[in-house]
Amino acid sequence: MSDPQTDPVPGRIMAAEMAEQPAVLQRILDEGAPKIRDIAAQIAARSPRFVLLTARGTSDNAALYAKYLIEILLGKPAGLTSMSTTTAYGAKPDLTDVLVVTVSQSGGSPDLVASTKAAREAGAITLAVTNNPDSPLAEVSEFHIDVLAGPEKALPATKTYTAELLALYLLVEGLRGGDGSAAKELPALAAGVLDRRTEVKALAERYRFAQRLVITSRGYGYPTAREAALKLMETTYIPATPFSGADLLHGPLAMVDNVSPVIAIVPDGKGGEALQPVLDRLRGRGADLVVIGQQAEVDAASAGFGLPAGVPEEVQPILEILPLQQLAYEVTIARGQDPDAPRALAKVTETR
């Protein structure tokens, strides 16, 4: 955690960790991919019936991304678990031939450890995806993937999130016998996105005095919307509500007016196509619409940040979140707060 007395530059740690992300992505491709491929092959040989994903906080958004990958690329049903069913209520589901993937940066939260242990005892194939191979979660799991992000000291998770996304993508690719080639250009592309910080700083001025934000997307972009909202809330303290575009149309759209700030993540692909009716309705209501994603949609919005074209949709979330992490950082600095150490937060949240 940043100490104002010894580290007088607010946000120095978060900024440094965001900047590390291209190197972390490259490390996963170079060092982690062969190990992930081997684990995926061992799991695939056991033909799991379906997949359950367990996580909290930022890692829960990474798990949601994996849910989309599993259902779309593997054609297997996948769900996000409710840990309290086992840790609080003592439920004992039959998890024979089920793959349970637990995602956690630290691997130290007691409820994650307890639910994973219970899943293994219930017959599940258990896999931990963490940034700590020596964690209690890794110890109780049958398999473990190290996301190789290195120590993360700022309280807001940045590099561990994108590392989890890439590791989970490579896992799903391995489970289906793919080569993961869609990810090979990500480190260079991520560096290019992060180098455009001045564009994000200009966007941040729109939100310095914001009272609330709505963030929306569809498909692979929806986990990005959730993670962006979380980052903005935990650093800037601005209430930010994430919605699937489809859910936004089912009522919450009524709260959007011509002074409402809305951030839309518009993927280049089917998710962006599905979001078009939502964008049309938002424009019709005169919303202050900022778009992250397709350049054509950025040009049609109030403002935005265009992302590289031609990137396969399933890995676009790894790039989509980068300007949104920077946005959270810049808005926090503009509001006179320290993004390294948001109030009331701890790096390891020990829920039960």
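Two strands pair if DSSP finds at least two bridges between them. With that in hand, welcome to a predicted model, in which local features need pLDDT of at least 70 and side-chain atom pairs count only at pLDDT 80 or more, while totals for chains, interfaces and linings use all residues. Residues are numbered from 1 along each chain as its sequence is written, and side-chain values use heavy atoms, leaving out hydrogens and water. Strand β6 (residues 213–217) pairs with β7 in the parallel sense over five bridges, and the sheet that holds β7 and β6 is an open one of five strands. Another five strands form an open sheet that includes β2 and β1. Element names follow DSSP runs numbered from the N terminus, with helices being H or I of at least four residues and strands being E of at least two.

**The sheet with β6 and β7**

- The strand order here is β7-β6-β8-β9-β10, and the pairing is parallel.
- β7 (240–244) and β10 (303–306) are the edge strands with a single partner each, so one side of each has no neighbour in the sheet.
- Ignoring direction, neighbouring strands are turned by 15° against each other on average; axes are lines fitted to C-alpha atoms, for helices over the stretch in contact, and angles run from 0 to 180 degrees between N-to-C directions.
- Two bridge partners in β7 can be picked out: T241 for V214, and A240 for L213.
- Helix α10 packs on this sheet and touches β6, β7 and β8 (261–266), its direction making about 160° with that of β6; contact means heavy atoms within 4.5 Å.
- Together, β6, α10 and β7 build a right-handed β-α-β unit, where right-handed means that, with the strands pointing away from the viewer, the path from the first strand over the helix to the second runs clockwise.

**The sheet with β1 and β2**

- Its order is β2-β1-β3-β4-β5, again with parallel pairing.
- At the edges stand β2 (78–80) and β5 (143–146), each pairing on one side only.
- From one strand to the next, the twist averages 20°.
- Strand β1 (residues 51–54) runs parallel to β2 and is joined to it by three bridges; the partner of L53 in β2 is L80.
- Helix α2 (residues 21–44) lies across β3 (99–104), β4 (125–130) and β5, running at about 155° to β5.
- Helix α3 (residues 57–74) also packs on the sheet, where it touches β1, β2 and β3 and makes about 165° with the direction of β2.

**Helix α10 against α14**

- The axes of α10 (residues 221–236) and α14 (residues 316–334) come within 9 Å and cross at roughly 15°.
- That angle makes α10 roughly parallel to α14; under 35 degrees counts as roughly parallel, over 145 as roughly antiparallel, 65 to 115 as roughly perpendicular and the rest as oblique.
- The crossing is right-handed, meaning that the near helix is turned clockwise from the far one by less than a right angle.
- Residues making the contact include T224, E227, A228 and K231 of α10 and E320, I321, L324 and A328 of α14.
- By class, this contact has seven nonpolar, five polar and three charged residues; Ala, Val, Leu, Ile, Met, Phe, Trp, Tyr, Cys and Pro count as nonpolar, Asp, Glu, Lys and Arg as charged, and the others, Gly among them, as polar.

**Helix α7 against α14**

- Helix α7 (residues 159–175) and α14 have axes that come within 10 Å and cross at roughly 170°.
- The two helices are therefore roughly antiparallel to each other.
- Y161, T162, L165 and L166 of α7 meet P317, I318, I321, L322 and Q325 of α14.

**Helix α3 against α10**

- α3 and α10 pack at an angle of about 175°, their axes 9 Å apart.
- That makes α3 roughly antiparallel to α10.
- Among the contact residues are D60, N61, L64 and Y65 of α3 and R226, E227, L230 and K231 of α10.
- This contact has six nonpolar, three polar and four charged residues.
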